[in-house]
Amino acid sequence: MTERFRLDGRVAIVTGAAAGIGRVAARALAEAGAAVAMADRDGEALQQAAADLRASGASILAVEGDIASASGPEELVEATVGAFGRLDILVNNAGIYPHGPRLPEVDWEIIERTYAVDLMAPLRCISEAARRMTPGSAIVNVSSMESLRPSGPGNAHYSSAKAALNAVTRAAAVDLGPLGVRVNAVLPGLIHTEGTSHVPEAFLQHVAGRTPCGRIGEPDDIASAIVFLASPAATYVNGQCLVVDGGITIAG
Ligand SMILES: NC(=O)c1ccc[n+]([C@@H]2O[C@H](COP(=O)([O-])OP(=O)(O)OC[C@H]3O[C@@H](n4cnc5c(N)ncnc54)[C@H](O)[C@@H]3O)[C@@H](O)[C@H]2O)c1
(Lines give C-alpha, C1' and ligand atoms only; values in the text may rest on other atoms or scores of the structure.)
Protein backbone atom coordinates (compact mmCIF):
# COMPACT_ATOMS: atom_id res chain seq x y z
CA MET A 1 0.00 0.00 0.00
CA THR A 2 2.79 2.49 0.84
CA GLU A 3 3.97 2.12 -2.78
CA ARG A 4 0.86 4.08 -3.78
CA PHE A 5 2.28 7.14 -1.98
CA ARG A 6 5.61 6.96 -3.86
CA LEU A 7 6.45 9.31 -6.73
CA ASP A 8 9.53 7.60 -8.17
CA GLY A 9 10.14 8.54 -11.80
CA ARG A 10 7.69 11.46 -11.63
CA VAL A 11 8.52 15.09 -12.33
CA ALA A 12 6.98 17.89 -10.27
CA ILE A 13 6.85 21.68 -10.38
CA VAL A 14 6.43 23.65 -7.15
CA THR A 15 5.92 27.41 -7.45
CA GLY A 16 7.00 29.64 -4.58
CA ALA A 17 9.47 26.94 -3.55
CA ALA A 18 12.16 29.13 -1.95
CA ALA A 19 10.34 29.54 1.37
CA GLY A 20 7.50 28.43 3.59
CA ILE A 21 5.06 25.76 2.47
CA GLY A 22 6.56 25.56 -1.04
CA ARG A 23 10.09 24.78 0.15
CA VAL A 24 8.86 22.01 2.45
CA ALA A 25 6.51 20.66 -0.22
CA ALA A 26 9.41 20.47 -2.68
CA ARG A 27 11.43 18.52 -0.11
CA ALA A 28 8.51 16.16 0.61
CA LEU A 29 7.91 15.47 -3.09
CA ALA A 30 11.64 14.79 -3.57
CA GLU A 31 11.66 12.45 -0.56
CA ALA A 32 8.75 10.58 -2.16
CA GLY A 33 10.96 10.06 -5.23
CA ALA A 34 10.05 12.89 -7.61
CA ALA A 35 12.46 15.13 -9.53
CA VAL A 36 11.41 18.69 -8.67
CA ALA A 37 11.52 22.00 -10.53
CA MET A 38 11.55 24.67 -7.84
CA ALA A 39 10.30 28.07 -9.02
CA ASP A 40 10.54 31.39 -7.21
CA ARG A 41 11.13 35.10 -7.83
CA ASP A 42 13.61 35.31 -4.93
CA GLY A 43 16.76 34.07 -6.70
CA GLU A 44 19.07 33.98 -3.70
CA ALA A 45 16.66 32.07 -1.44
CA LEU A 46 15.78 29.76 -4.34
CA GLN A 47 19.41 28.80 -5.03
CA GLN A 48 19.94 28.11 -1.32
CA ALA A 49 16.80 25.96 -1.05
CA ALA A 50 17.72 24.08 -4.23
CA ALA A 51 21.28 23.48 -3.01
CA ASP A 52 19.96 22.10 0.30
CA LEU A 53 17.81 19.53 -1.52
CA ARG A 54 20.52 18.59 -4.01
CA ALA A 55 22.84 17.94 -1.05
CA SER A 56 20.41 15.27 0.10
CA GLY A 57 20.59 13.60 -3.33
CA ALA A 58 17.41 14.98 -4.92
CA SER A 59 17.10 15.85 -8.63
CA ILE A 60 16.36 19.57 -8.55
CA LEU A 61 15.96 22.30 -11.16
CA ALA A 62 15.82 25.91 -9.94
CA VAL A 63 13.83 28.31 -12.13
CA GLU A 64 13.95 31.98 -11.13
CA GLY A 65 11.22 34.38 -12.20
CA ASP A 66 7.91 36.06 -11.45
CA ILE A 67 5.20 33.44 -11.97
CA ALA A 68 2.66 36.25 -12.47
CA SER A 69 4.48 37.59 -15.54
CA ALA A 70 2.91 36.85 -18.92
CA SER A 71 5.66 34.46 -19.99
CA GLY A 72 6.51 32.98 -16.55
CA PRO A 73 4.24 29.90 -16.60
CA GLU A 74 5.18 28.83 -20.15
CA GLU A 75 8.91 29.34 -19.50
CA LEU A 76 8.68 27.32 -16.28
CA VAL A 77 6.90 24.39 -17.91
CA GLU A 78 9.25 24.38 -20.91
CA ALA A 79 12.34 24.55 -18.68
CA THR A 80 11.03 21.63 -16.61
CA VAL A 81 10.22 19.43 -19.59
CA GLY A 82 13.53 20.44 -21.17
CA ALA A 83 15.48 19.35 -18.08
CA PHE A 84 13.55 16.23 -17.03
CA GLY A 85 11.73 15.17 -20.22
CA ARG A 86 8.22 15.11 -18.75
CA LEU A 87 5.82 16.72 -16.28
CA ASP A 88 3.51 14.79 -13.92
CA ILE A 89 2.76 17.09 -10.99
CA LEU A 90 2.09 20.82 -10.67
CA VAL A 91 1.84 22.44 -7.24
CA ASN A 92 0.49 25.98 -7.57
CA ASN A 93 1.78 27.26 -4.24
CA ALA A 94 3.23 30.75 -4.88
CA GLY A 95 0.92 33.26 -3.28
CA ILE A 96 0.81 36.61 -1.55
CA TYR A 97 -1.48 37.75 1.22
CA PRO A 98 -0.93 41.48 1.73
CA HIS A 99 -3.21 43.12 4.23
CA GLY A 100 -5.60 45.55 2.61
CA PRO A 101 -7.77 48.37 3.93
CA ARG A 102 -11.14 47.61 5.47
CA LEU A 103 -14.03 48.18 3.05
CA PRO A 104 -15.41 50.63 2.01
CA GLU A 105 -11.77 51.70 1.42
CA VAL A 106 -10.12 49.85 -1.48
CA ASP A 107 -6.54 49.66 -2.73
CA TRP A 108 -6.74 48.60 -6.36
CA GLU A 109 -3.01 48.00 -6.62
CA ILE A 110 -3.15 45.40 -3.84
CA ILE A 111 -6.26 43.81 -5.33
CA GLU A 112 -4.78 43.54 -8.84
CA ARG A 113 -1.43 42.17 -7.64
CA THR A 114 -3.14 39.60 -5.39
CA TYR A 115 -5.39 38.44 -8.23
CA ALA A 116 -2.40 38.27 -10.59
CA VAL A 117 -0.30 36.06 -8.27
CA ASP A 118 -2.98 34.05 -6.44
CA LEU A 119 -5.47 33.47 -9.26
CA MET A 120 -4.24 34.32 -12.77
CA ALA A 121 -0.80 32.74 -12.37
CA PRO A 122 -2.16 29.36 -11.16
CA LEU A 123 -4.69 29.39 -14.00
CA ARG A 124 -1.92 30.06 -16.55
CA CYS A 125 0.27 27.36 -14.99
CA ILE A 126 -2.60 24.86 -15.17
CA SER A 127 -3.12 25.67 -18.84
CA GLU A 128 0.58 25.38 -19.73
CA ALA A 129 1.17 22.26 -17.61
CA ALA A 130 -1.90 20.40 -18.86
CA ARG A 131 -0.64 20.67 -22.45
CA ARG A 132 2.45 18.67 -21.40
CA MET A 133 0.91 16.24 -18.92
CA THR A 134 0.00 12.64 -19.66
CA PRO A 135 -2.72 10.48 -18.03
CA GLY A 136 -1.99 9.87 -14.34
CA SER A 137 -0.80 13.42 -13.74
CA ALA A 138 -2.01 15.62 -10.89
CA ILE A 139 -2.35 19.32 -10.08
CA VAL A 140 -2.57 20.65 -6.51
CA ASN A 141 -3.55 24.26 -5.88
CA VAL A 142 -2.64 25.82 -2.54
CA SER A 143 -5.69 27.87 -1.60
CA SER A 144 -6.62 29.01 1.91
CA MET A 145 -9.29 28.56 4.54
CA GLU A 146 -9.75 32.32 4.07
CA SER A 147 -11.64 31.35 0.90
CA LEU A 148 -14.35 29.85 3.09
CA ARG A 149 -14.40 32.29 5.98
CA PRO A 150 -12.41 35.52 6.39
CA SER A 151 -10.40 35.50 9.63
CA GLY A 152 -10.62 39.29 9.96
CA PRO A 153 -11.23 42.58 8.13
CA GLY A 154 -9.21 43.86 5.15
CA ASN A 155 -9.14 40.52 3.34
CA ALA A 156 -11.72 40.82 0.55
CA HIS A 157 -9.00 40.68 -2.16
CA TYR A 158 -7.32 37.56 -0.72
CA SER A 159 -10.54 35.73 0.26
CA SER A 160 -12.04 36.27 -3.17
CA ALA A 161 -8.85 35.33 -5.07
CA LYS A 162 -8.61 32.04 -3.17
CA ALA A 163 -12.36 31.37 -3.47
CA ALA A 164 -11.98 31.78 -7.23
CA LEU A 165 -9.01 29.38 -7.10
CA ASN A 166 -11.30 26.80 -5.46
CA ALA A 167 -13.73 27.29 -8.35
CA VAL A 168 -10.87 26.96 -10.86
CA THR A 169 -9.91 23.70 -9.11
CA ARG A 170 -13.35 22.20 -9.62
CA ALA A 171 -13.74 23.50 -13.18
CA ALA A 172 -10.27 22.30 -14.17
CA ALA A 173 -11.03 18.85 -12.73
CA VAL A 174 -14.02 18.67 -15.10
CA ASP A 175 -12.05 19.97 -18.10
CA LEU A 176 -8.92 17.88 -17.57
CA GLY A 177 -10.55 14.67 -16.32
CA PRO A 178 -10.83 13.28 -19.86
CA LEU A 179 -7.05 13.83 -20.25
CA GLY A 180 -6.41 11.77 -17.12
CA VAL A 181 -5.26 14.79 -15.12
CA ARG A 182 -6.66 15.22 -11.61
CA VAL A 183 -6.99 18.66 -9.98
CA ASN A 184 -7.41 19.26 -6.24
CA ALA A 185 -6.74 22.03 -3.73
CA VAL A 186 -5.38 22.23 -0.20
CA LEU A 187 -6.84 24.96 2.03
CA PRO A 188 -4.38 25.64 4.88
CA GLY A 189 -5.25 27.32 8.13
CA LEU A 190 -2.68 29.59 9.77
CA ILE A 191 0.78 28.05 9.17
CA HIS A 192 4.19 29.06 10.57
CA THR A 193 6.13 30.31 7.51
CA GLU A 194 8.37 33.20 6.51
CA GLY A 195 5.24 34.91 5.20
CA THR A 196 3.48 34.76 8.57
CA SER A 197 6.56 35.51 10.68
CA HIS A 198 5.23 39.03 11.35
CA VAL A 199 2.01 37.72 12.97
CA PRO A 200 2.01 38.77 16.66
CA GLU A 201 2.56 35.96 19.17
CA ALA A 202 -0.66 36.90 20.99
CA PHE A 203 -2.69 36.27 17.82
CA LEU A 204 -0.93 32.94 17.20
CA GLN A 205 -1.78 31.89 20.76
CA HIS A 206 -5.38 33.01 20.25
CA VAL A 207 -5.73 30.95 17.06
CA ALA A 208 -3.98 27.93 18.61
CA GLY A 209 -6.37 28.09 21.56
CA ARG A 210 -9.41 28.02 19.26
CA THR A 211 -8.03 25.20 17.11
CA PRO A 212 -9.25 21.71 18.10
CA CYS A 213 -5.74 20.32 17.41
CA GLY A 214 -4.44 22.91 19.90
CA ARG A 215 -1.65 24.41 17.80
CA ILE A 216 -0.76 26.48 14.74
CA GLY A 217 0.01 24.48 11.59
CA GLU A 218 3.49 23.69 10.27
CA PRO A 219 4.53 23.53 6.58
CA ASP A 220 4.91 19.74 6.95
CA ASP A 221 1.18 19.49 7.70
CA ILE A 222 0.41 21.00 4.29
CA ALA A 223 3.22 19.22 2.44
CA SER A 224 1.83 15.85 3.58
CA ALA A 225 -1.57 16.68 2.09
CA ILE A 226 0.08 17.89 -1.13
CA VAL A 227 2.08 14.66 -1.53
CA PHE A 228 -1.05 12.59 -0.90
CA LEU A 229 -3.13 14.50 -3.48
CA ALA A 230 -0.27 14.31 -6.01
CA SER A 231 0.27 10.58 -5.52
CA PRO A 232 -1.42 7.49 -6.97
CA ALA A 233 -2.92 6.96 -3.47
CA ALA A 234 -5.36 9.77 -4.38
CA THR A 235 -6.10 8.41 -7.82
CA TYR A 236 -9.90 8.67 -7.29
CA VAL A 237 -9.81 12.06 -5.49
CA ASN A 238 -10.66 14.80 -7.96
CA GLY A 239 -12.00 18.35 -7.85
CA GLN A 240 -11.78 18.51 -4.05
CA CYS A 241 -10.83 21.34 -1.69
CA LEU A 242 -9.18 19.74 1.33
CA VAL A 243 -9.12 21.96 4.43
CA VAL A 244 -5.97 21.37 6.51
CA ASP A 245 -6.42 23.67 9.51
CA GLY A 246 -6.42 21.57 12.67
CA GLY A 247 -10.21 21.85 12.70
CA ILE A 248 -10.59 25.58 13.35
CA THR A 249 -12.98 26.11 10.43
CA ILE A 250 -15.53 23.67 11.82
CA ALA A 251 -14.97 24.76 15.43
CA GLY A 252 -16.21 28.31 14.76
N1 LIG B 1 1.18 30.61 5.79
C2 LIG B 1 -0.15 30.56 5.98
O3 LIG B 1 -0.67 30.75 7.10
C4 LIG B 1 -1.05 30.25 4.82
C5 LIG B 1 -2.40 29.99 5.10
C6 LIG B 1 -3.26 29.71 4.04
C7 LIG B 1 -2.78 29.68 2.75
N8 LIG B 1 -1.47 29.94 2.50
C9 LIG B 1 -1.02 29.90 1.11
O10 LIG B 1 0.10 29.06 1.01
C11 LIG B 1 0.96 29.52 -0.03
C12 LIG B 1 2.37 29.69 0.51
O13 LIG B 1 2.32 30.56 1.62
P14 LIG B 1 3.59 30.75 2.59
O15 LIG B 1 3.06 31.23 3.88
O16 LIG B 1 4.44 29.55 2.53
O17 LIG B 1 4.30 31.98 1.86
P18 LIG B 1 5.79 32.58 2.05
O19 LIG B 1 5.64 34.04 1.90
O20 LIG B 1 6.42 32.05 3.29
O21 LIG B 1 6.56 31.98 0.78
C22 LIG B 1 6.05 32.24 -0.51
C23 LIG B 1 7.11 32.05 -1.55
O24 LIG B 1 6.49 32.34 -2.81
C25 LIG B 1 7.34 33.21 -3.54
N26 LIG B 1 6.53 34.04 -4.44
C27 LIG B 1 5.58 34.96 -4.10
N28 LIG B 1 5.11 35.55 -5.19
C29 LIG B 1 5.76 35.02 -6.26
C30 LIG B 1 5.73 35.25 -7.66
N31 LIG B 1 4.91 36.18 -8.18
N32 LIG B 1 6.52 34.52 -8.46
C33 LIG B 1 7.36 33.59 -7.93
N34 LIG B 1 7.46 33.34 -6.62
C35 LIG B 1 6.66 34.05 -5.78
C36 LIG B 1 8.06 34.05 -2.48
O37 LIG B 1 9.27 34.61 -3.00
C38 LIG B 1 8.29 33.02 -1.38
O39 LIG B 1 9.51 32.32 -1.57
C40 LIG B 1 0.33 30.81 -0.56
O41 LIG B 1 -0.42 30.54 -1.71
C42 LIG B 1 -0.58 31.25 0.59
O43 LIG B 1 -1.65 32.03 0.13
C44 LIG B 1 -0.59 30.23 3.50
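Select A130 to begin; this residue of the predicted model is placed in helix α4. With a relative accessibility of 11%, A130 counts as buried, because that value falls under the 20% cut-off for a buried residue. Although 49 residues separate A130 and L179 in sequence, their C-alpha atoms are 8.5 Å apart in space.

Next, follow the loop that lies between β4 (89-92) and α4, and stop at P104. The peptide bond leading from L103 into P104 is cis, with omega near 20 degrees.

Move on to helix α5, and pick out H157. The relative accessible area of H157 is 6%, and the residue is buried. Display P98 as well: a polar side-chain atom of H157 is 2.6 Å from the backbone oxygen of P98.

The ligand is the next stop. Its surroundings comprise 31 residues, with D40, N93, Y97, Y158 and T193 the closest. By class, the shell consists of 13 nonpolar, 11 polar and seven charged residues. Colour the helices α1 (20-31), α4 (108-132) and α5 (156-176), and each will be seen to contribute at least two residues to this shell.

- D66: a polar atom of its side chain is 2.8 Å from a nitrogen atom of the ligand.
- I67: a polar backbone atom of this residue lies 2.9 Å from a nitrogen atom of the ligand.
- G195: an oxygen atom of the ligand is 2.9 Å from a backbone N or O atom of this residue.

With a surface displayed on the ligand, consider its cover: on its own the ligand has 830 Å² of accessible area, of which the protein covers 93%.

Select G20, I21, G22, V24, A25, A26, A28, L29 and A30, which are buried. Nine of the 12 residues of α1 are buried, so the helix is largely enclosed by the rest of the structure.

An α-helix has 3.6 residues a turn, so residues three or four places apart point the same way.

The last stop is helix α3, residues 72-84. It has 13 residues and reaches 18 Å between its first and last C-alpha atoms, close to the 18 Å expected at 1.5 Å a residue. Select G72, P73, L76, V77, T80 and V81; these residues of α3 are buried. Viewed down the axis of α3, the buried residues lie within an arc of 155 degrees and therefore line one face of the helix.

How values were computed
Residues numbered from 1 in each chain as written. Predicted model: local features only at pLDDT ≥ 70, side-chain atom pairs only at ≥ 80, totals over all residues. Heavy atoms only, no water. Near = heavy atom within 4 Å. Polar contact = N/O pair within 3.5 Å; in protein donor to acceptor, adjacent residues only side chain to side chain. Areas by Shrake-Rupley, 256 points an atom, 1.4 Å probe, with all protein chains shown as cover. Helix = DSSP H or I, 4+ residues; strand = E, 2+ residues; numbered from the N terminus. Nonpolar A, V, L, I, M, F, W, Y, C, P; charged D, E, K, R; others polar. Expected span 1.5 Å × (residues − 1). Buried < 20%, exposed > 50% of the residue type's maximum accessible area, 1.4 Å probe, protein only. Arc of directions from axis to C-beta.
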